[in-house]
Amino acid sequence: MYKSENTKKLLFVSEKESVTKAQIFGSEPDVIYNACCGEDLAPFDLIDINMGCPVPKIFKNGEGSALLTDILKAESVIKSAVKSGKTITVKIRIGISDSKPYITKEYAKMAENAGASLITIHGRTRENYYSGEVNFDEIEKAKSAVNIPVIANGGIFTEKDADLIIDRTGADGIMLARGAVSDPFLFAKLSNKDTSLTIKEIVLTQIDDMLKNYSDRYVTLNMRKFFPNYFKGRRNAKEFCRL
Ligand SMILES: Cc1cc2nc3c(=O)[nH]c(=O)nc-3n(C[C@H](O)[C@H](O)[C@H](O)COP(=O)(O)O)c2cc1C
C-alpha cells in the first residue's frame with residue numbers, strides 16, 4: 001500500500017513457480033481489503049495474512065502476532081480480505097506467551113468461519129520467537145477442530161523432524177523456514193526429488209537466477225545472508241564467507 005519499490009521487488013514471481021502466494025500484514029480491515037484488490041497482488045493465487053510476526057515494531061502497531069490478542073479484529077481483517085474474492089490463508093502462532101492461555105483452536109475455528117481457506121500454525125508463542133519446543137498438541141487440537149487444511153510449522157530441519165510433526169499433529173502439510181534456508185536440499189529431500197546437485201551448483205544457480213532480476217548490489221547483500229548457513233560446519237567456512 002506504500003508503493004515501495006523494495007516491496008515490489010519482493011513480489012517477484014519466477015516462471016518456475018506454479019502456485020504463488022504473497023503474504024501481507026496489517027490490522028486495518030479497509031487497508032487489507034484494498035491491498036487484496038490491488039494490482040500488486042493480482043498475479044498471486046493465494047494471499048496469506050501474517051498473524052504471527054513477533055517483531056516489536058510490528059507488534060506495537062497492533063499487527064502480526066498482536067492480532068492474537070484481539071480475536072474480533074483478527075476476524076474482521078480476515079473477512080475483509082476474503083471479501084476481495086481472493087483465496088485467503090492465515091498464519092498464526094499458538095499464543096502470546098506460555099504463561100497465558102493458548103489461542104490455537106479458537107483462532108483456527110474463527111479463521112475457518114471467517115472464510116480462510118487454509119491455516120498455518122507456528123507451534124510456538126510470540127514470547128518464544130524462534131526457539132524452544134514446538135507445541136505439537138496445540139497444532140493437533142486446531143487440526144481436529146477444523147475442516148480446512150492445517151499446515152504445521154516450527155523446528156523442521158531434517159526428514160525426521162518432518163515425519164515427527166506430521167505424525168504428532170495430523171497436519172495436512174508442513175512449512176519449512178530456517179531449515180530450508182540452511183539446507184537448500186531440504187525441500188528436495190522431503191519430496192523425494194533429485195538432490196545430486198553440489199552446493200557449488202546450487203549457489204551459482206541461485207546467483208545467476210537472482211542476477212536476472214536484481215542489481216549486483218542487491219544480490220551480493222542477499223547472498224551474504226545465505227552463505228554462512230550453507231557453509232556452516234564445513235572446513236574453512238569462515239574464511240570462505242569472508243571472501
Ligand atoms: C529471519 C526470519 C524472518 C521471518 N519472516 C517471516 C515472515 O515474513 N512471515 C512469516 O510468516 N514468517 C516469518 N518467519 C517465521 C517463519 O516463517 C517460521 O514461522 C519460523 O521461523 C518457525 O519455523 P522454523 O522453526 O522452521 O524456522 C521468519 C523467521 C525468521 C527466522
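Helix axes are lines fitted to C-alpha atoms over the stretch in contact, and angles between them run from 0 to 180 degrees between N-to-C directions. In this predicted model, helix α5 (residues 104-114) packs against helix α6 (residues 136-145) at an angle of about 30°. Their axes lie 8 Å apart. The crossing of the two helices is right-handed. On the α5 side, the contact involves T104, K105, A108 and K109. On the α6 side, E138, I139, K141, A142 and A145 take part. By class, this contact of α5 with α6 comprises 4 nonpolar, 1 polar and 4 charged residues.

The sheet is open and has 6 strands. The strand order is β1-β2-β3-β4-β5-β6, and the pairing is parallel. Strands β1 (21-24) and β6 (173-175) stand at the edges. Each has a single partner strand, so one side of each lacks a neighbour in the sheet. From one strand to the next, the twist averages 30°. Within the sheet, β2 and β3 pair in the parallel sense over 6 bridges. N50 has K91 in β3 as its bridge partner.

Helices also lie across the strands. Helix α4 covers β2 and β3 in this way, running at about 165° to β2. Helix α6 lies across β3, β4 and β5. Relative to β4, α6 runs at about 155°.

The largest nonpolar core contains 40 residues. Within this core, I78, A81 and I119 have the most contacts. At least two core residues come from each of α2 (29-37), β2 (46-51), α4 (71-83), β3 (87-95), α5, β4 (118-125), α6 and β5 (150-153). Helix α4 supplies the largest share, 5 residues. The surroundings of A81 can be listed in detail. Leaving aside neighbours within four places in sequence, A81 is in contact with I32, Y33, C36, I47, I49, K86 and I88.

N192 is not a glycine, yet has a positive phi of about 50°. N192 sits in the loop between α9 (186-190) and α10 (199-211). It counts as exposed because 8 C-beta neighbours fall inside 10 Å, where the limit for exposure is 12 or fewer. N236, likewise not a glycine, has a positive phi of about 65°. The loop between α11 (216-230) and α12 (237-242) holds N236. With 10 C-beta neighbours inside 10 Å, N236 also counts as exposed.

Note on methods: Residues are numbered from 1 along each chain as its sequence is written. This is a predicted model: local features need pLDDT of at least 70, side-chain atom pairs count only at pLDDT 80 or more; totals for chains, interfaces and linings use all residues. Helices (H or I, at least four residues) and strands (E, at least two) are DSSP runs, numbered from the N terminus. A crossing is left-handed if the near helix is turned anticlockwise from the far one by less than a right angle, and right-handed if clockwise. Two residues are in contact if their C-beta atoms, placed from the backbone, lie within 7 Å. Ala, Val, Leu, Ile, Met, Phe, Trp, Tyr, Cys and Pro count as nonpolar, Asp, Glu, Lys and Arg as charged, and the others, Gly among them, as polar. A nonpolar core is a set of buried Ala, Val, Leu, Ile, Met, Phe, Trp, Tyr and Cys residues joined through C-beta atoms within 7 Å. A residue is buried if 20 or more other C-beta atoms lie within 10 Å of its own, exposed if 12 or fewer, and partly exposed in between; C-beta atoms are placed from the backbone. Two strands pair if DSSP finds at least two bridges between them.
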